[in-house]
Amino acid sequence: VSGDSDHGLEIDLLDQGPTPVVVLTGELDPYTAPRFADAIDPLQREESVSQIVVDLAGVRFIDSSGLRVLIAAEHALAERGGRLVLRAPSPATRRLLEITDLLDRLNVE
Amino acid sequence: VSAEGEVAPAGVADVQLSFPSEARHLRLARLTASGLAGDLGFTIDEIEELRLAVDEACAVLVEEASAGSHIHLVYRIDPDGLVIEGRCATDDGAGARLHPVAEAILSTTVDEYRVLVDEGQKCFRLLKRPTERG
């Protein structure tokens, strides 16, 4: 487990290997989204990674800057046959995915 | 919300907030919006929508703000809802550009929104009306 906490967002990487899980806790906004992008970027580039799960259960706030990181990761993985899975979004996050037409485009558990 | 459907009587003082145009301070704008909306009797969903809208609008200001500038916000309680106006100095004279995702969020979460450039300042105005409740 590698932890990384700063104002507003904690990022934990679990289950390193072909199917890593990234657990987010806190707020994903224009201040914290670049750190999330930095954390997920090497995973989405790693050839041995076939799927990344992003656990959103602990996300209290997410805006378009956070969604853009998720969209970019999904595209990068899909290009080489991988997939991004969003796990356990809160009702508010699910609603955000719905109004931005991403609920059907992304893999949401 | 009064029996006449007004959010608050006229004459309620504005709330003003000013902070450096840095992304780390956006949570202040969200926090103020949710506090005021809660006081006005907005539902939890409406508060969440307003929090999201003010964050998106302020993010546009931060993105194109002049170095060392401040974002100035005014939260005004109008008879028909909560109005939030924001402005910040910008070096970018082009019209306001919204990412399609941000545009989708703003068009869904508030009743009215406008983002524009006026005399060297990037500005926005949001209006959120409470849902009529019986």
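Predicted model: local features only at pLDDT ≥ 70, side-chain atom pairs only at ≥ 80, totals over all residues.
Biologist: Where in H1(A) does the kink lie?
Modeller: Helix H1 of chain A covers residues 33-45. The bend there is about 25°, and it comes shortly before the proline Pro42(A). The residue at the kink is Ala39(A).

Biologist: Which residues of H1(A) are buried?
Modeller: To make the list, a residue needs under 20% relative accessible area. In H1(A) that gives Ala33(A), Arg35(A), Phe36(A), Ile40(A), Leu43(A) and Gln44(A).

Biologist: On to the interface: how much area do chain B and chain A bury between them?
Modeller: Each side brings 19 residues to the contact. Of the buried area, 58% is on carbon and sulfur atoms. The total is about 1600 Å².

Biologist: What is the salt-bridge partner of Asp29(A)?
Modeller: Chain B and chain A share five salt bridges. For Asp29(A), the closest N and O atoms of the pair are 3.0 Å apart, within the 4 Å cut-off. The partner is Arg30(B).

Biologist: Which helix gives the largest share of the side of chain B that touches chain A?
Modeller: H1 (26-39), H2 (44-63) and H3 (100-109) of chain B each supply at least two residues to that side. The largest share is seven residues, and it comes from H2(B).

Notes:
Residues numbered from 1 in each chain as written. Chains lettered and ligands numbered in written order. Heavy atoms only, no water. Helix = DSSP H or I, 4+ residues; strand = E, 2+ residues; numbered from the N terminus. Expected span 1.5 Å × (residues − 1). Bend = angle between axes of the 7 residues up to and from the residue. Buried < 20%, exposed > 50% of the residue type's maximum accessible area, 1.4 Å probe, protein only. Contact = heavy atoms within 4.5 Å. Buried area = accessible area lost by both parts, 1.4 Å probe. Salt bridge = Lys/Arg side-chain N within 4 Å of Asp/Glu carboxyl O.
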